[in-house]
Each structure stands twice: as C-alpha cells, then as structure tokens.
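Me: I would like to go through this structure feature by feature. Could we start with the charged pairs and then move to the interior?

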Amino acid sequence: MSNFHLHPIEPELFNSIAQAQARQIAQPQDQNRNKSTQLRRFYDELVAWEMRVAQKPEKFDEYLPFIRMLNAKAAYAEGRKLVDHNFVDLWAHTLREVTNAKTLTTCKLFWEAFMGFYKQERPGNN
C-alpha cells in the first residue's frame, strides 16, 4: 500500500500521494471504521509531538520512543474496531520514516494533507 518516502520529500507527497492514500483509507470494509473524528485524534497527537520537538529539538531522541508508541495506540484502536488495518499500516509506514525532527515535520505535513483529502472523500462521516 505505502510505497512513498518522507525523505527526500517527493514533489507529490502533500498532493496526489496524500490524496491517493486518503481515498484508499476512506473505503473501509466496515463503514463504522476510519471515521474522521477518530483519525483526527491520531493526527492531533502527532501534531502535539511535533510541537514538542520543535520547541526542544535536542530532545528528539528522547521523544522518539513515545512517538513510535503511537503505533500501539493505532493497534489498540484497530482491536476496538475503530480503524482498519489499512490505516494502521499507513500510520506505521509514516512513523517508521520519522528519524529526526525534519522528518517528523514532514510526517505531520503529510497527515495534514491526508486529513484534508480524507474529509473530501468522506464528507459527512464524523
């Protein structure tokens, strides 16, 4: 599913790549999964970590285990049938690409673009 990289930034990362990923995640087998409010919670937590790192970049290595722990939160949400495996895979792929403050910012920007396209794909779905 995910064959893109956050570094170097591909020209279409925040455009056609984010849109294609959003389109795929917006088509879950179970329409009760991948609701935009649930995905927004993950995005919001990623934004919070990116802000912490931006304020104290020297602490990135200390924060990285907690950033990667977001994968466990996604797995838990999948177990509760709130998100599907496609979302968990995409989330894990992007977090795996985070290796420094710059790639964390790129990851956050990717998810920002993704969320915009996602709302377009599933407009009335909270």
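Reply: This is a predicted model. Begin with the side chains of glutamate 121 and arginine 23, which meet in a salt bridge with an N to O distance of 3.5 Å. The pair links distant parts of the chain, glutamate 121 lying in helix H6 and arginine 23 in helix H1, 98 residues apart.

Me: Which side chain of opposite charge is nearest to glutamate 50, and how far away is it?

Reply: A salt bridge requires a side-chain nitrogen of Lys or Arg within 4 Å of a carboxyl oxygen of Asp or Glu. For glutamate 50, the nearest side chain of opposite charge is lysine 108, at 4.1 Å, and glutamate 50 is buried without a salt bridge. Glutamate 50 sits in helix H2, residues 36-55. Beyond four places in sequence, glutamate 50 touches Leu104, Thr105 and Lys108.

Me: How should I read the nonpolar interior?

Reply: In soluble globular proteins, nonpolar side chains tend to be buried together. In this model the largest nonpolar core has 38 residues, and those with the most contacts inside it are Ile67, Phe87, Trp91, Phe110, Trp111 and Phe114. Helices H1, H2, H3, H4, H5 and H6 each supply at least two residues of this core. H6 gives the largest share, nine residues.

Me: What does phenylalanine 87 touch, leaving out residues up to four places away in sequence?

Reply: Its contacts are Ile25, Asn34, Leu39, Phe42, Ala74 and Trp111.

Me: Which residues form a nonpolar patch on the surface?

Reply: Ile9, Phe14 and Leu109 form one, with about 220 Å² of accessible area together. Isoleucine 9 belongs to the segment before H1. Its relative accessible area is 42%, so isoleucine 9 is partly exposed.

How values were computed:
Residues are numbered from 1 along each chain as its sequence is written. This is a predicted model: local features need pLDDT of at least 70, side-chain atom pairs count only at pLDDT 80 or more; totals for chains, interfaces and linings use all residues. Side-chain values use heavy atoms; hydrogens and water are left out. Helices (H or I, at least four residues) and strands (E, at least two) are DSSP runs, numbered from the N terminus. Buried means under 20% relative accessible area, exposed over 50%, partly exposed in between (1.4 Å probe, protein chains only). Lys and Arg count as positive and Asp and Glu as negative; His and the chain ends are not counted. Contact means heavy atoms within 4.5 Å. A nonpolar core is a set of buried Ala, Val, Leu, Ile, Met, Phe, Trp, Tyr and Cys residues joined through side-chain atoms within 4.5 Å. Patches are made of residues with over 30% relative accessible area and no salt bridge: like charges are joined within 9 Å, nonpolar side chains (Val, Leu, Ile, Met, Phe, Trp, Tyr) within 5 Å. Accessible areas come from the Shrake-Rupley method with a 1.4 Å probe; for residues, only the protein chains shown count as cover.
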